Amino acid sequence: MLDLVPHRELGPDVGVLVARRRPGFSLDAAFYTSQEIFDLDMEHIFGRQWLFAAPVAAIPDPGDYAKLDFGRFSVIILRDDDGDFRAFHNVCRHRGARLLSECSGSVGNIVCPYHQWTYGTNGNLLYAEGDHTFDRALYGLKPVHIREIAGLLFICLAKTPPADFDQFAAELEPYLLPHGVRDAKVAHQMDIIEKGNWKLTIENNRECYHCGGHPELSATSFGMFGYDEDNISPEKQAVLSRYKDALAEFVRLWEGESLPWKAIEHLDDRQAGFRTERHPLEGAGEAMTMDGRAASKKPMGRLKNFRLGRLHLHTQPNSWHHFQADHAVTFCALPVSPGETLLRTTWLVHKDAVEGVDYELENLIHVWRETNCQDQRFVELAQLGALSPAYEPGPYAPAEAQVDKFCNWYITQLDRGMNGR
Ligand code: FES
Ligand SMILES: [Fe+2]
């Protein structure tokens with residue numbers, strides 16, 4: 001018998017581990033457990049790539065902010081006095097104190113709690129007590145790149161962000177704009193800590209091989225995500241046939257509403273990697289609720305019909321999303337430590353939808369709250385496995401092709417970063 005023990009210090013160096021990664025197999029344990037690789041992930045993945053930060057609805061008015069902590073970074077995203085989006089390192093330019101400690105809130109100016117240096121919402125240093133003679137213009141908050149696509153905010157800490165983000169934005173916008181995410185409000189937000197490495201959180205999201213463990217999600221999902229119809233088990237044949245019938249009908253509905261629906265997949269061949277596609281839902285086909293009916297009476301954006309299934313979006317390295325006619329759910333993974341990841345889930349409805357009148361919160365959030373709890377357990381189990389001396393990389397199933405693509409992307413970006421490319 002083997003006891004679980006904390007992961008020993010790395011044997012081979014990280015370059016060797018990167019070079020010996022075997023496509024089609026899960027990663028070496030150290031990628032999930034070592035502090036050294038976690039630090040490299042923060043430098044080369046979270047410090048260089050575009051990250052999903054929040055829906056714009058999370059910071060609706062000038063002065064509103066949200067704080068994102070990952071690894072040793074802390075970033076504030078906010079609306080400045082003109083309503084434009086800004087992002088800054090949450091680090092005072094005097095002696096470095098953490099400026100904002102709450103996850104979200106609203107400020108007139110940003111005032112450091114230590115010695116009260118005061119910054120405008122545009123990051124400019126406005127006030128420093130005492131007869132300083134320095135040039136205040138040199139001590140504004142350090143900016144972080146921020147971009148919006150159809151109601152979703154992305155940030156990048158790199159000096160020069162990956163340029164293919166423009167391509168991603170151009171391809172995603174036609175899919176997302178009809179959903180009116182810009183005109184949404186936050187109905188609910190939930191933070192949970194998964195006791196697993198951030199890559200296990202993302203890997204778990206990138207497959208439905210485990211969807212038998214999601215009874216609530218399975219009420220409306222066909223569970224065909226990732227499956228190749230030419231290579232499907234006999235048990236799945238009946239589901240596949242139902243799925244194909246539903247798809248034929250939904251394609252007519254989508255095309256009737258001029259909604260693009262075909263898959264676009266660039267999960268491992270671009271730096272700003274992503275995947276989007278429209279999918280039918282089972283039953284009423286309106287939303288990922290227990291009965292498949294819309295949870296909110298007010299359709300979002302320009303949508304009129306509720307029976308439109310869902311638009312999914314995966315972005316590397318840290319997010320996934322489901323957009324339905326009546327509501328949307330966004331998921332943002334933020335690494336805390338090698339063995340802990342914060343998962344922030346945000347439910348969005350039309351900005352005029354009223355709780356208790358247009359939607360019941362419990363009905364709106366039930367499926368994904370329960371699914372998150374189930375996934376939290378799966379991720380924790382996977383982390384415990386990676387910590388065991390008995391762990392070795394195992395083969396991904398065909399239905400886990402997107403997990404493999406995530407690992408391809410991750411290893412490629414880590415390798416490039418470590419080699420200065
Ligand atoms: S550290 Fe912020 S004012 Fe001194
Ligand atoms: Fe899951």
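**The iron site and its surroundings**

Tutor: Along the chain, the residues that donate to the iron ion (ligand 2) are spaced as H-x3-H-x160-D. The model is a predicted one, and the values that follow are computed from it. The histidine donors are the NE2 atoms of His210 and His214, while Asp375 contributes two OD atoms; these protein donors lie 2.0 to 2.7 Å from the iron ion (ligand 2). The angles among the 4 donor atoms run from 53 to 148 degrees. Four donors count as tetrahedral if all angles lie between 85 and 135 degrees, and the site of the iron ion (ligand 2) is classed as irregular.

A disulfide links Cys208 with Cys211, the S to S distance being 1.9 Å. The count of disulfides in the model is 1. The torsion about the S-S bond of Cys208 and Cys211 is about -105 degrees, and the disulfide is therefore left-handed. Cys208 has a relative accessible area of 6% and so is buried; Cys211, with a relative accessible area of 10%, is buried too.

Cys103, by contrast, takes part in no disulfide, the nearest cysteine sulfur being that of Cys332, 11 Å away. With a relative accessibility of 40%, Cys103 counts as partly exposed. For Cys156, the closest cysteine sulfur is in Cys332, and the separation of 14 Å is too far for a bond. Cys156 is buried, its relative accessible area being 1%.

The account may now be widened to the nonpolar interior. In soluble globular proteins, nonpolar side chains tend to be buried together. The largest nonpolar core of this model has 94 residues, of which Phe31, Phe70, Ile77, Ile155, Phe168 and Tyr410 touch the most other members. Helix 8 (residues 401-418) supplies the largest share of this core, with 7 residues. Leaving aside residues up to four places away in sequence, Phe168 is in contact with Ile149, Phe154, Arg270, Ala272, Phe274, Leu313 and Thr315. Another core, of 16 residues, lies apart from the largest one and includes Tyr65, Leu78, Cys92 and Ala128.

To return to the metal, the iron ion (ligand 2) is held in an irregular site, with His210, His214 and Asp375 as its protein donors.

Notes. Residues are numbered from 1 along each chain as its sequence is written. Chains are lettered from A and ligands numbered from 1 in the order in which they are written. This is a predicted model: local features need pLDDT of at least 70, side-chain atom pairs count only at pLDDT 80 or more; totals for chains, interfaces and linings use all residues. Side-chain values use heavy atoms; hydrogens and water are left out. Donors are N, O and S atoms within 2.8 Å of the metal (3.2 Å for Na, K and Ca); water is not among the atoms, so sites may look incomplete. Four donors count as tetrahedral if all angles lie between 85 and 135 degrees; four count as square planar and six as octahedral if opposite donors are over 155 degrees apart and all others between 65 and 115; anything else is irregular. A disulfide is a pair of cysteine sulfur atoms within 2.5 Å. Buried means under 20% relative accessible area, exposed over 50%, partly exposed in between (1.4 Å probe, protein chains only). A nonpolar core is a set of buried Ala, Val, Leu, Ile, Met, Phe, Trp, Tyr and Cys residues joined through side-chain atoms within 4.5 Å. Helices (H or I, at least four residues) and strands (E, at least two) are DSSP runs, numbered from the N terminus. Contact means heavy atoms within 4.5 Å.
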